[in-house]
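Please consult the sequence and the structure shown below alongside the text.

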Amino acid sequence: MGYSVGQVSDFAGITVRTLHHYDKTGLLSPTERSAAGYRLYSDADLARLQQILFYRQLGFALDEIATILEDPQANALGQLRARHRLLNRQIAELYRLVEVAERAIEVQRTGVELTPEERFEVFGEITFDLSYATEADLRWQHTEGYRHSMARAAAHSKEDWAQLMAEAAAWRQRLTAAFDAGEPAAGETAMDLAEEHRQHITRWFTPCPTDMHGRIADDFAADPRAFALVVPPAEQRPGLAPYLRTAVHANAVHRPPTQNT
């Protein structure tokens, strides 16, 4: 039993025009005939169509597909490997473009009035993950601290952001140096670094009591997207986020009550 061009179009999900084009170019021609003389697609033709659609989905041109189907054993493997390499390059480039777009969107969400060049100049390796920022907005949008923080961020000038990021970079260097040197997370050096981070938040964004700072540090340890806001992935070490979390909580316990706000 053969199948008409209309039937094949319906169950293959392609247009009659496409099938006619395949027939005209010799890529896929019906091989059977009905009693009335109409051309029909056989099961073998349909198997060939499945191969054509598979290669089309991978982005092969029709002439490339024709070459592969002429001698599948000789051509398919090499062609597929080449396509695999190309697709991986395209995927990597798309991921890069997505990161750039998300980064630009999130910087824009802060209300910072900077040109694209200025944004990259100021923020450097610090990335703004769209999914995390969206979740944070939904989670904290009704809190006074979050609203205050966003308003302060929107008011910062380019010079403010440059100073803020320079302070943050210097602090990151001291944090990673303490971690690499084996300074205990609950020791004086680490607690001083935790306190410096708390004061940095207070100075640039919103008052940050130690309990609030503890919640922020918990988020750093639980969500890599949050930690990437303070330590870019290229500068991170395994265990650094939990190290900072421990230091923050130790600082909250040992800090004199008069300094907890």
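Of the 261 residues in the protein chain, 34% are buried, where buried means under 20% relative accessible area, exposed over 50% and partly exposed in between (1.4 Å probe, protein chains only). This is a predicted model, in which local features need pLDDT of at least 70 and side-chain atom pairs count only at pLDDT 80 or more, whereas totals for chains, interfaces and linings use all residues. Residues are numbered from 1 along each chain as its sequence is written, and side-chain values use heavy atoms, with hydrogens and water left out.

**Overall organisation**

- The protein chain has 13 helices and two strands; these are DSSP runs numbered from the N terminus (helices: H or I, at least four residues; strands: E, at least two).
- Of the contacts in the protein chain between residues at least 6 apart in sequence, 60% join residues at least 24 apart; contact means heavy atoms within 4.5 Å.

**Packing of H9 and H10**

- Two packed helices are described by the angle between their axes and the distance between the axes.
- Helix H9 (residues 158-180) and H10 cross at roughly 165 degrees, and their axes come within 10 Å; axes are lines fitted to C-alpha atoms, for helices over the stretch in contact, with angles running from 0 to 180 degrees between N-to-C directions.
- H9 and H10 are therefore roughly antiparallel to each other (under 35 degrees counts as roughly parallel, over 145 as roughly antiparallel, 65 to 115 as roughly perpendicular and the rest as oblique).
- The crossing of H9 and H10 is left-handed, a term for a near helix turned anticlockwise from the far one by less than a right angle, with clockwise counting as right-handed.
- By class, seven nonpolar, four polar and five charged residues make up the contact of H9 with H10 (Ala, Val, Leu, Ile, Met, Phe, Trp, Tyr, Cys and Pro are nonpolar, Asp, Glu, Lys and Arg charged, and the others, Gly among them, polar).

**Trp-171 and His-197**

- Trp-171 lies in helix H9 and counts as buried, at 5% relative accessibility.
- Leaving aside neighbours within four places in sequence, Trp-171 is in contact with Leu-193, Glu-196, His-197 and Leu-244.
- Trp-171 and Ala-194 are 23 residues apart in sequence and 9.7 Å apart in space, C-alpha to C-alpha.
- His-197 lies in helix H10 (residues 188-204) and is buried, with a relative accessible area of 6%.
- Not counting residues up to four places away in sequence, His-197 touches Trp-171, His-213, Phe-220 and Val-230.

**Packing of H3 and H4**

- Helix H3 (residues 43-57) packs against helix H4 (residues 62-70) at an angle of about 130 degrees, with the axes 10 Å apart.
- H3 and H4 are therefore oblique to each other, and H3 passes H4 in a right-handed crossing.
- On the H3 side, Arg-48, Gln-51, Ile-52, Tyr-55 and Arg-56 meet Leu-62, Ile-65, Ile-68 and Leu-69 in H4.

**Aromatic pairs**

- The count comes to five aromatic pairs; rings of Phe, Tyr and Trp (its six-membered ring) pair if their centres lie within 6.5 Å, with planes under 30 degrees apart counted as stacked, over 60 as edge-to-face and the rest as tilted.
- Phe-54 and Tyr-55 form an edge-to-face pair, 5.1 Å centre to centre with 65 degrees between the planes.
- The rings of Tyr-55 and Phe-60 have centres 5.5 Å apart and planes at 90 degrees, so this pair is edge-to-face.
- Phe-54, Tyr-55 and Phe-60 form one aromatic cluster.
- Phe-54 is partly exposed, with a relative accessible area of 41%, whereas Tyr-55 is buried at 7%.
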